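This report walks through a protein chain part by part, with its helices, sheets and a few single residues as the stops along the way. Please keep the structure in view while reading.

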Amino acid sequence: MTKNRCAGCGIALQTSEKDRPGFVPEGALAREPVICQRCFRIKNYNDASSVAIDQDDFLRLLGGIASTSSLVVHIVDLFDFEGSLISGLQRFVGSNPVLLVVNKIDLLPRVTNWNRLRNWVQKQARANGLKVADVVLCSARRNIGFDRVVETIAELRGDRDVYVVGATNVGKSTLVNRLIADYSDLHLELTVSRYPGTTLDAVHIPLEDGRSIIDTPGIVYKSRLSEVIPRESLQAVLPEKPLKPMTYQLNAKQTLFFGGLARFDFVEGDHQSFTAYVSQGLPIHRTKLEKADELYEAHKGEMLSPPSREGLESVPPWTRHTLRIQPNSDADVFVSGLGWIRANGKSGALVDVYAPKGVKVLLREAIV
């Protein structure tokens with residue numbers, strides 16, 4: 001870490017342009033450690049100004065990993081697995097080994113079969129073209145499984161540097177802070193918050209053996225709901241407590257609204273149940289399909305919220321996704337950043353899902 005970079009997010013510091021990334025008042029340069037005004041506001045006021053980061057710079061940074069001798073630690077968010085997995089990571093890392101760290105397992109029910117979950121993760125990684133040296137399940141927030149993360153990194157890295165990569169808001173900086181505490185004698189801490197894109201530049205943390213941990217900026221995927229909704233809605237959408245599955249017995253032609261952010265229509269099929277795995281802060285409303293359009297127009301931004309009516313103006317319009325759930329399949333209807341809906345019936349179903357344009361919606365093998 002150098003004096004001219006923020007110890008919280010890694011951005012180059014500057015004292016001249018208040019509205020640009022890296023601004024720090026001249027009087028704050030004498031502090032130890034030095035952090036930019038944006039990190040200061042996140043830490044002390046839970047507030048983050050919007051800062052645009054060039055996506056091409058992120059990809060150039062990833063592209064340089066292949067020419068190094070490194071262990072690549074890819075952190076993904078179990079709650080948003082398909083949304084937080086870096087597309088095409090294999091071509092960026094070259095022959096370097098990849099450790100897949102699956103964070104936020106504390107959100108799943110305690111009765112979860114962890115061996116089955118680990119197999120599910122490996123299968124999903126392979127389906128996305130990613131070869132992994134190992135998979136570790138953990139929760140940075142609850143300090144579950146983190147000893148195993150540290151042990152596995154020690155086993156796999158040898159005398160190499162460690163690149164930590166991931167999408168925004170997957171808990172990357174939280175995990176790196178734990179690594180700093182275990183591997184380094186530096187007294188610094190990366191900025192941690194629920195806001196996407198908290199780390200703005202690569203942060204190099206020297207290790208005692210002369211190598212480094214390199215924390216890279218989070219990749220911003222607009223296909224994740226958390227990236228396209230107003231900041232004030234994030235608290236309701238991003239769960240911090242274990243998910244409480246909500247099961248609904250539905251007949252065909254019934255609809256579930258998830259706040260004003262998404263809509264699930266059971267279009268065709270036998271009477272069956274669907275279980276929603278979403279944040280407890282997100283209200284769910286059931287209605288008849290024939291009344292759904294009218295209900296949305298009358299109550300969006302109010303009863304059907306978040307977001308608020310004002311917040312809706314910045315959210316892309318909904319796109320309809322038609323999905324056919326095959327008979328006798330264990331399937332989830334996954335909406336990136338929102339959660340998933342488990343289809344419990346064995347007779348199949350036709351469903352329509354409405355979500356903001358660009359947000360990833362898909363059918364997958366059931367995670368639970």
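## Helix H6 and what follows

The model discussed here is a predicted one. The residues of H6 that are buried are Phe 146, Val 149, Val 150, Thr 152, Ile 153 and Arg 157. Because these residues cover an arc of only 165 degrees around the axis, they lie on the same side of H6.

On the face of H6 that is turned away from this buried side, one finds the exposed residues Asp 147 and Glu 155. After H6 comes Gly 158, which has a positive phi, near 60 degrees.

Helix H5, made of the 14 residues 114-127, can be checked in the same way: at 1.5 Å a residue it should span 20 Å, and its end C-alpha atoms are 20 Å apart, which agrees. Its buried residues are Leu 117, Trp 120, Val 121, Gln 124 and Ala 125. They cover an arc of only 135 degrees around the axis, and therefore they sit on the same side of H5.

What covers these buried residues of H5? The cover includes helix H3 (81-84), strand E2 (98-103), strand E3 (134-137) and E16. The face of H5 turned away from the buried side, by contrast, carries Asn 115 and Arg 126, which are exposed.

## Strand E6 and its two partners

Strands of a sheet pair through backbone hydrogen bonds, and this pairing can be either parallel or antiparallel. Strand E6 (residues 212-215) pairs in the parallel sense with strand E4 (residues 161-166), over 3 bridges, while 4 bridges join E6 to strand E5 (residues 203-206), which runs antiparallel to it. Asp 215 of E6 has a bridge partner in Val 164, and Asp 215 is also the bridge partner of Val 203.

In a regular strand the side chains alternate between the two faces of the sheet. Are the two faces of E6 covered or exposed? Both are covered, for Ser 212 and Ile 214 on one side, and Ile 213 and Asp 215 on the other, are all buried. The hairpin of E5 and E6 has 5 residues between the strands, and in this hairpin Gly 210 takes a positive phi near 90 degrees.

## An open sheet from E7 to E16

Five strands, in the order E7-E10-E14-E13-E16, form an open sheet with antiparallel pairing. Its edge strands are E7 (246-250) and E16 (361-365), each of which pairs on one side only. From one strand to the next, the twist averages 25 degrees.

Within this sheet, strand E10 (residues 272-277) and strand E14 (residues 339-343) run antiparallel and are joined by 4 bridges. Thr 275 finds its bridge partner in Arg 342 of E14.

## An open sheet from E11 to E12

Another open sheet of 5 strands has the order E11-E8-E9-E15-E12, and its pairing is antiparallel. At its edges are strand E11 (284-288) and strand E12 (318-325), each pairing on one side only. On average, and with direction ignored, neighbouring strands of this sheet are turned by 20 degrees against each other.

Strand E8 (residues 254-258) and strand E9 (residues 262-268) run antiparallel and are joined by 5 bridges, and the bridge partner of Gln 254 in E9 is Phe 266. Helix H10 (residues 289-299) lies across E8, E9, E11 and E12, and runs at about 125 degrees to E11.

## Lys 300 in a loop

Where is Lys 300 placed? Lys 300 belongs to the loop between H10 and helix H11 (309-312), and with a relative accessibility of 21% it counts as partly exposed. Leaving aside neighbours within four places in sequence, Lys 300 is in contact with Leu 295, Arg 309 and Leu 312. Its C-alpha atom and that of Gly 259 are separated by 8.2 Å, although these residues are 41 residues apart along the chain.

## Cysteines

A disulfide is a covalent bond between the sulfur atoms of two cysteines. How many disulfides does the structure hold? The number is 0. Cys 6 has a relative accessibility of 0% and so counts as buried, and Cys 36, with a relative accessible area of 1%, is buried as well.

Definitions and conventions: Residues are numbered from 1 along each chain as its sequence is written. This is a predicted model: local features need pLDDT of at least 70, side-chain atom pairs count only at pLDDT 80 or more; totals for chains, interfaces and linings use all residues. Side-chain values use heavy atoms; hydrogens and water are left out. Buried means under 20% relative accessible area, exposed over 50%, partly exposed in between (1.4 Å probe, protein chains only). The arc is that of the directions from the helix axis to the C-beta atoms. Two strands pair if DSSP finds at least two bridges between them. Axes are lines fitted to C-alpha atoms, for helices over the stretch in contact, and angles run from 0 to 180 degrees between N-to-C directions. A disulfide is a pair of cysteine sulfur atoms within 2.5 Å. Contact means heavy atoms within 4.5 Å. The expected span of a helix is 1.5 Å times one less than its number of residues.
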